[in-house]
Structure formats: C-alpha cells, structure tokens
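I opened this entry to keep track of what I looked up, item by item.

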Amino acid sequence: IKKAMQKQQESRIAASLRLRQLRDKAWAKVHTWIPNTGPLTDKPSVSSWKDFYKEAKATLDAPSKKVLTDMLTWPLTLSNALHEHMYDAKVGPRAKTTVHVLGYSDTVEGERFTHAFGPLADLLPASRFQKVDIVCIGPEVGSKRHRRSHEVSPTVKMHFLKALYHNSKSMMKKMGVSPAPDLVLAFNSGMWCLDARKDIDGSEWSSTIEQLLDSEQLTVLTARSEAEMQSCLRVFGNQWMLKGKPDFTKRTFEEYGADKLIRGKVRFLLDPCPNPFRSLVQSHVRTEPGARNAMWAVIKGRAPD
C-alpha cells in the first residue's frame, strides 16, 4: 500500500511539473488563448472554471485550459467577489464601484493584469456595474506604471500607484480615483505576517491592516494554500497583533508597549475556503504545494466583544 501511495504521489508531482513546464514555455502567448467572453455579458455570473469555459465556448485542450487559469484567476476572482458581495439584483445596477487591489507587483503580476483583465468588460457588464475603477497599489509598482491608467473598456479602468496602501490616499485624490473603496482585494499578500518579513522581502502590512480594521473595510484575502490560511486564522484570531519586527526576548503581548500593538479578533464574513477560480497550476510542487489564489476569505472589521 505504501509503495502504491508513493507511486501515486510521484505521478501527481510529475503531472504538476509538466503543467508548469507548459505554462513557462507558452506564457508569452497565453493571453492570446483567452476565449471570447462576449457571450457572458447577458449571463448570470459564472461560478466555476467549467462554467466559464462552457459559456465562453472555449476550444482549448484540457492542459491549455489549466494553464490559462494561471492568468485568468485574477479577473475571475475579482469578478466573483464583486458579484457575491457588491451586486444586489433587487437594487439594480451600481452607478460606480471602486476596488483597491493591494500589494500589486510588476515582478509578480506584470503584464498579466493588463492582458488578463480584458474579460472584465464582459464579466462586469454595465447592466450591473456602470463604472468600475480598479486601483492597483503597492511599493513594487514599476515607475512606468506609477500614476498611469489603463482602459479595459469604456466602463472598466485600471489605475496604478507605487505606494504603501496606508500612505496612498492623497495620491488617489490627485489621480481622480476614490480613496474610499467599496471593496479591497489582497491577492496572495501574506499580510497576516504583518511586519515580520520586512527584512526579507520588504513586506510591511501592520499599518494597512490597522487601517482596514478600524474603517471596517470589506476585504477579500487570497492565499496560495490551506496552510497559509490557517496562519491567517491564527494571527487574526489573536486579541492583539504586533506592529514592527517581533522582539524574541518577549514572550507575551503584554510585554510590548501600546504603540506596538493592534487590536485583533478580526471578523470573518466568509471563513477561509477553496476559491472556485484558483489557479490550476501548482507552485512549489515538491516543497510547499500551493497555487495562486487557491484559498479565499472575506473580513470586515473586528468581531464584537
């Protein structure tokens, strides 16, 4: 039995590695595989990759469809979040919707966003969302994109800002986009690490998290794996969270001063669960298996005392 299980595991790893190789080889042209999403305009929002490819009448083979999910996970996750949490058929179309996308990186997302977000013109039809501003913010936004805008369609626009989120409001006002979003979306941010990774990758999330919680901002989080989301639950479930680098000589939160602490007990409107539009291309196959936007959750403010 042990040998059989080991053989199955090796087979899964080999299949995942082949898919990654196909993705890497074809990535420069993957955006040309995006099917015509026009038929989706008058349809109810799709709820799975199977539905998406069926309604778009995609003619790709199965491996190519999986590779394409590594690009389309971004717009489909965003579209699904807006339909689930922003649109109410009883109320009718929204006049204006602003989405802040946190932690955007030219290194990670790059051209994916400008190519991949084209389908939003059909996924977010004017009959439901009359105007959508998507503001991508992060210290790794490239200088060529900083304070630039990209028109996805006459009703959907993207804007880019090179800044830490909690310092970006004045920049947004100057760009003419709202600093008060209807929805915040943090793709694979690992923000629950707070500032612990600042010396490793420059991540600095404590001030942003404090701002999101204090303003009770509706926020969608994604993560690459269930293990990452378990870390999120553990950190956000604490009574306190830490600002700045941890001092390993201290054993309890009480040993820190008030200026080093953020009140925790985050309220989850949607507990962590698999994202129906996660990428189907696995990363770190042998060491820490996961995928882009594999899990998602929705938070808003703090749980009542």
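**Lys 96.** I started with Lys 96, which sits in the loop between helix 3 (62–85) and strand 1 (97–102). The model is a predicted one. I looked up the accessibility of Lys 96 and found 39% relative, so I list the residue as partly exposed. Setting aside neighbours within four places in sequence, I noted contacts of Lys 96 with Lys 131, Asp 133 and Asp 182. I also checked Lys 96 against Gly 142: the two are 46 residues apart in sequence, and their C-alpha atoms are 27 Å apart.

**Asp 182 and Arg 94.** One of the contacts of Lys 96 is Asp 182, and I followed that residue next. The side chain of Asp 182 forms a salt bridge with that of Arg 94, at 3.1 Å from N to O. I placed Asp 182 in the loop between helix 6 (169–175) and strand 5 (183–186), and Arg 94 in the loop between helix 3 and strand 1; the two are 88 residues apart and link distant parts of the chain. Asp 182 is partly exposed, with a relative accessible area of 26%.

**Helix 3.** How many residues of helix 3 are buried? I read 18 of 24, so the helix is largely enclosed by the rest of the structure. I also recorded a kink of about 60 degrees at Leu 72 in helix 3, shortly before the proline Pro 75.

**Other salt bridges.** I have nine salt bridges for the structure. Among them is the pair Asp 70 and Arg 292, whose closest N and O atoms are 2.5 Å apart. This pair links distant parts of the chain, with Asp 70 in helix 3 and Arg 292 in the loop between strand 9 (266–274) and strand 10 (295–302), 222 residues apart. I then looked at Glu 204 and Lys 198, a salt bridge with its closest N and O atoms 3.7 Å apart. Glu 204 is partly exposed at 27%, and Lys 198 is partly exposed at 39%. Through shared partners, salt bridges join Arg 23, Asp 24, Asp 70 and Arg 292 into one network.

**Largest pocket.** I noted a volume of about 1,200 Å³ for the largest pocket. Its lining has 50 residues, and those nearest the centre are Ser 189, Gly 190, Cys 193, Arg 197 and Ser 203. Strand 2 (132–138), helix 9 (226–236) and strand 7 (240–242) are the elements that give two or more residues to this lining. Helix 9 has the largest share, with four residues. By class I listed 23 nonpolar, 14 polar and 13 charged residues.

**Second largest pocket.** This pocket holds about 280 Å³ of space. It is lined by 17 residues, with Ser 16, Ser 279, Leu 280, Val 281 and Gln 282 closest to its centre. Helix 1 (residues 2–26) gives the most to the lining, five residues.

**Cavity.** My count of cavities of 30 Å³ or more is one. The largest cavity has a volume of about 90 Å³. Of its 14 lining residues, Pro 44, Ser 45, Val 46, His 83 and Leu 123 are closest to the centre. Helix 3 comes up again here, with the largest share of the cavity lining at four residues.

Key:
Residues are numbered from 1 along each chain as its sequence is written. This is a predicted model: local features need pLDDT of at least 70, side-chain atom pairs count only at pLDDT 80 or more; totals for chains, interfaces and linings use all residues. Side-chain values use heavy atoms; hydrogens and water are left out. Buried means under 20% relative accessible area, exposed over 50%, partly exposed in between (1.4 Å probe, protein chains only). Contact means heavy atoms within 4.5 Å. The bend at a residue is the angle between axes fitted to the seven residues ending there and the seven starting there. On a 1 Å grid over the protein atoms alone, a cavity is a set of points where a 1.4 Å probe fits but cannot get out, and a pocket is an open set with protein on both sides within 12 Å along at least five of seven lines; lining residues have an atom within 4 Å of a point. Grid points are joined across faces, edges and corners, and a volume is the space filled by probe spheres set on the points. Ala, Val, Leu, Ile, Met, Phe, Trp, Tyr, Cys and Pro count as nonpolar, Asp, Glu, Lys and Arg as charged, and the others, Gly among them, as polar. A salt bridge is a side-chain nitrogen of Lys or Arg within 4 Å of a carboxyl oxygen of Asp or Glu.
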